[in-house]
Amino acid sequence: MAIDSDVLVIGGGIAGLSAALSAARTGADVRLVSEAETTLHHASGLLDVLGYPPNADGDGPVVDPFDAIGDLPDSHPYAIVGAGTVRDGLAMIDDVLGETYHGSHTDANALVPTHGGTVKPTARYPAGVTAGLASDDRDILLVGFERLTGFDAGVAADHLEAAGIPAETSAATVEFPIVVRDDAKVTRYAHLLDENPTVDGAGSDRRVRAALADAVEPSVGEAERIGFPAVLGVDHPAAIRDELEDRLGAAVFEIPMGPPSVLGGRLEDRLYAALDDAGGQIESGGGPIVDFDAEGGMISAVYMDRSGSQIPYAAEQYVLATGDVAGGGIDSDRDGVTEPIFGCHVPHPDDRYEWFEGEAFGEHAFAEFGVVVDDALRPMDEGGTPEFANLRAAGAVIGGYDYPAEKSASGVSIATGYAAGRRAAREG
Amino acid sequence: MTTSPSVLVIGGGSTGVGIARDAAMRGFDVTLVEKGNLTHGTTGRMHGLLHSGGRYAVSDQASARECIEENMILRDIATHCVEDTGGLFVKRPEDTEEYYQEKLDGLRECSIPATELAAEEARRKEPFLARDIDKAIEVPDAAIDPFRLCVANAISAANHGARIETFSEVTDLLVEDGEIVGAEVTHESGEGNRVHGVEGSVEEIRVDHIVNAAGAWTGEIAAMADIDVEVRPSKGVMTIMNVRQVDTVINRCQPKGDADIVVPHETTAILGTTDEEVGDPEDYPEEEWEVDLMIEELARLVPILEDARTIRSFWGVRPLYEPPDTGTDDPTDITREFFLLDHDERDALPGMTTIVGGKLTTYRLMAEQLVDHLAEKFDVDTTCRTAEEPLPGSEDEGVIDDAMDDFGLRSPIAKRSAERLGSRTQEVLDTNEPNPVVCGCEAVTRAEVNDAIEQSGTDLNAVRIRTRAGMGNCQGGFCSHRLANELHPDFDEGRARAALDELYQERWKGQRHALWGRQLSQAMITYTMHALTMNRDRDPAGGGALDFGAFDSGPSNTPATGDGQPADGTADVATDGGRGDGRGD
């Protein structure tokens, strides 16, 4: 007996979650399956819509991403779903994230300092990031930790100045109050701040948060806001930030980091909780989908490989949200590029040496590998016919746009996920 | 004689640094100039095989004998650069019995230790060998780290008073009264130890004799004095696997052919190679078919290579030479012997000797013979000691074991750090500072990176070859910005950023030849991290000024543009799709 649902979403990243949420919110019986852990906790935690127009050599970041959507080519996922759907999808996510995220008060992009010291345009950002925005003119102190090699406060402070931000920057590198292993992951710091244990050897009952503030305090000077790498707690970020702000007399913010990302982890937790609240069934870490049955141009079941045995999952409608070449949703070998579950058509140059450019940040064809969808987000074969009537695609598995260059990853995932989920629920 | 004879060595590959070391040890006043970093040309672009001589035991027995002798010497003087992997010559059913027998006879004639293994024995040694191989011959091939080897030679040369200049290109030879008296050297701009004197400055270096050890560029140097040295550059591809599928050097037992060797190297295995004459050693095609050939041919010896993950490919150029009028068409027929060309004897132009040909395994012998030639010329009565005197870092193997306890590092990190650093382990790792791992793939710590930066300044590629940072699965995706961070504050942020850009591009270059399957996934992850997360592709720093005021400065500040969305983000949730424009919903 197959495990049944109205809508089966394959993939647990932000596209899959958006699809499952939008379907569940219309009352459909939704199941989300994802293989192992998702890549969401590797993401920065920022929700971008569109930071740069495609192929924008030399063009600065766009101020209003919604405005810029109108200029995109017809094949772009945003053009396919339409600007209104982008807003609707984002509104759904805004609702789910509530006060934990900011940015919905304006259509303008925010410029967020990154752990590399650059600024990047984004539409939504965690509340903990807000005080760090580059358009704010209050002086900044950046704080790094001795053993955290991914973020160097001095480099980032000077880099922000090189970008011409309207604030003075300074930097301090401090020893974290509890010396963790030399190569500890960032989550270790976050858990220590959550737990706030007593620091040994200080001859007092000083706790970690207080000790951290003491270590930073001599460097504060004229700074009105203080930026830390994003390790300020997994469970209690607001409380940790409040306490540091009280003790330091300045606003405190977090700088988004690369993987593993505490901000991405918090976002992941929140979205899964919302899906659970909305009545969605969640099976993460089950195993890969390895096979499917179809008849009459409709998928009737997919099979999950769980420790060698194949478990069937049947649904009326399916959403494919498995990601791109980075996430495993698009596969390749020396001879070509494929969508591995359903064998959907993925356009690509025959010659492997045309998949990339010589410049590291060139306009690489591989960045745009993915399925081609019709206006109902159904993957199409080479002739432009939907591969299956009840299969829709969402997020990075859709090809034809370069999200790292555009800074459009989460926006496309949210908008296409939202649209695919709603359509699936309506037809399921 | 009150002053030492002065020598300028052109070329910072294994031959050049070997000569610099030997000559400095024998009392010459040595300057070495290299246009890139050490190993820039051929040495840094080889598969890391320390030849047993087995490869040449049939076709070129003189080279084979030199190889086995030098192989044994390098195991003694450069223990920290050599991994004693052993090697196999593997016979497939379609390879001839006749050649197998010739190989066996040749090995014995050249005194190269050789043991015959039946197919089962060979597979017991290397479980991934193909099921259908007939048999194999075991020889003392080994893996050698050409980067560490060159650096150790350069350090030793400097310890004996030599001046080593990298990023210093010879732009002319000075010829006066029918004699070569020196060279004009242009120092490239750069930071840290790259620069001596003024950036971009031109220096005239006058010496008693010049040694032209410029490898594939030998002919171009000679041409500066209107001398004709016809080097025949021959390219070869090498493809790097992400893990060691084999722990032994695997050679195909056939007369010659492309794609006939797999060399385990540190955490990787390197597949080689092709042999094709090219016109220009700096500019030649790097072709898809060459990479495919490596995988397909070598999978006949080690079948799992067909589906294994490759992380990058690179090409090297052999500076082959044959005396005029030999008339060989096929570069694989050109001898691997080396030649000393004294231009006084050969061209009636005194002041320079060229050394050309040969191979990494015999670099020390080449240096010895070249310096013998100099010693005779200048009547210097000292003998060569390079066969006995260990290279820096190799003297004391005990420190490798002690390192684990001493530095409180987790054992794989300590072990690998100590292997890289040899007897310099204590000096580098004995730090009271925090010593986090900067490159996770290769377990390279901050202390090692900082030690390498002290030696090479902002040249992060030089840091890479000294430490292996950035050479694992992710090819610098996760660590290149961490490496650049270590340059600051000794170097300012702009220079750190330029160094990062340079390293990132260099790492990209070789990966392009491995972009399918998991390495394509890795490339996309790296691209996403650097472009999407860090916005390094469109970094506003250094560009035109941004209008920061037009962008969002936070909900508590006045919105910069537009009337925007409701501040709480909850009032306008579309549940009916009514605000969609209908095209997709």
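## The second largest cavity

In this predicted model, two helices of chain B each give at least two residues to the lining of the second largest cavity: α16 (493-511) and α17 (517-533). The largest share comes from α16(B), with four residues. The space inside is about 90 Å³. The lining has 13 residues, and those closest to the centre are Y504(B), W508(B), Q511(B), A523(B) and T526(B).

What classes of residue make up this lining? Seven are nonpolar, five are polar and one is charged.

## The largest cavity

Rolling a probe the size of a water molecule over the atoms shows where empty space is left. In this structure there are five cavities of 30 Å³ or more. The largest cavity holds about 200 Å³ of space.

Its lining counts 16 residues. Nearest the centre are V151(B), R420(B), L421(B), R424(B) and R466(B). Four helices of chain B each supply at least two lining residues: α5 (146-159), α11 (411-421), α13 (446-456) and α14 (460-467). By class, the lining of the largest cavity splits into six nonpolar, four polar and six charged residues.

## Chain B as a whole

Chain B has 585 residues, and 63% of them are buried. The chain contains 17 helices and 23 strands. Take the contacts in chain B with a separation of 6 or more: 71% of them join residues 24 or more positions apart.

## A buried glycine in chain B

G182(B) sits in strand β11 of chain B. Is this residue buried or exposed? G182(B) has a relative accessible area of 0%, so the residue is buried.

Which residues does G182(B) touch, leaving out those up to four places away in sequence? They are L173(B), L174(B), I205(B), R206(B), V207(B) and I210(B). P264(B) is 82 residues away from G182(B) along the chain, and their C-alpha atoms are separated by 42 Å.

## Two crossing helices in chain A

Now turn to chain A. Helix α6 (residues 186-195) and helix α7 (residues 208-216) of chain A have axes that come within 8 Å. The axes cross at roughly 115 degrees. Angles from 65 to 115 degrees count as roughly perpendicular, and α6(A) and α7(A) are therefore roughly perpendicular to each other.

On the α6(A) side, the contact uses L192(A), L193(A) and D194(A). On the α7(A) side, the contact uses V208(A), R209(A) and L212(A). By class, this contact has four nonpolar residues, no polar ones and two charged ones.

## Backbone exceptions

Most residues other than glycine have a negative phi, and most peptide bonds are trans. Some places in this model depart from that pattern. N196(A) has a positive phi, near 55 degrees, and is not a glycine. N196(A) lies in the loop between α6 and α7 of chain A. With a relative accessibility of 10%, N196(A) counts as buried. D177(B) also has a positive phi, near 50 degrees, in a residue other than glycine. The loop that holds D177(B) runs between β10 (168-176) and β11 (179-187) of chain B. D177(B) is exposed, because its relative accessible area is 81%.

Which peptide bonds are cis? One runs from P259(A) to P260(A), with omega near -10 degrees. P260(A) is in the loop between β10 (251-255) and α9 (262-277) of chain A. Another runs from G272(B) to T273(B), with omega near -20 degrees. T273(B) is in the loop between β17 (268-272) and β18 (276-277) of chain B.

## A phenylalanine that touches the other chain

F361(A) is placed in the loop between β16 (336-338) and β17 (391-393) of chain A. F361(A) is partly exposed, because its relative accessible area is 27%.

What does F361(A) contact, apart from its neighbours within four places in sequence? The contacts are Y504(B), Y527(B), H530(B), A531(B), R536(B) and D537(B). L192(A), one of the residues where α6(A) meets α7(A), lies 169 residues from F361(A) along the chain. The C-alpha atoms of F361(A) and L192(A) are separated by 38 Å.

Note on methods: Residues numbered from 1 in each chain as written. Chains lettered and ligands numbered in written order. Predicted model: local features only at pLDDT ≥ 70, side-chain atom pairs only at ≥ 80, totals over all residues. Heavy atoms only, no water. 1 Å grid on protein atoms, 1.4 Å probe; cavity = no way out; pocket = protein on both sides within 12 Å on 5 of 7 lines; lining within 4 Å. Points joined across faces, edges and corners; volume = space filled by probe spheres on them. Nonpolar A, V, L, I, M, F, W, Y, C, P; charged D, E, K, R; others polar. Axes fitted to C-alpha atoms, helices over the stretch in contact; angles between N-to-C directions. Parallel < 35°, antiparallel > 145°, perpendicular 65-115°, else oblique. Contact = heavy atoms within 4.5 Å. Buried < 20%, exposed > 50% of the residue type's maximum accessible area, 1.4 Å probe, protein only.
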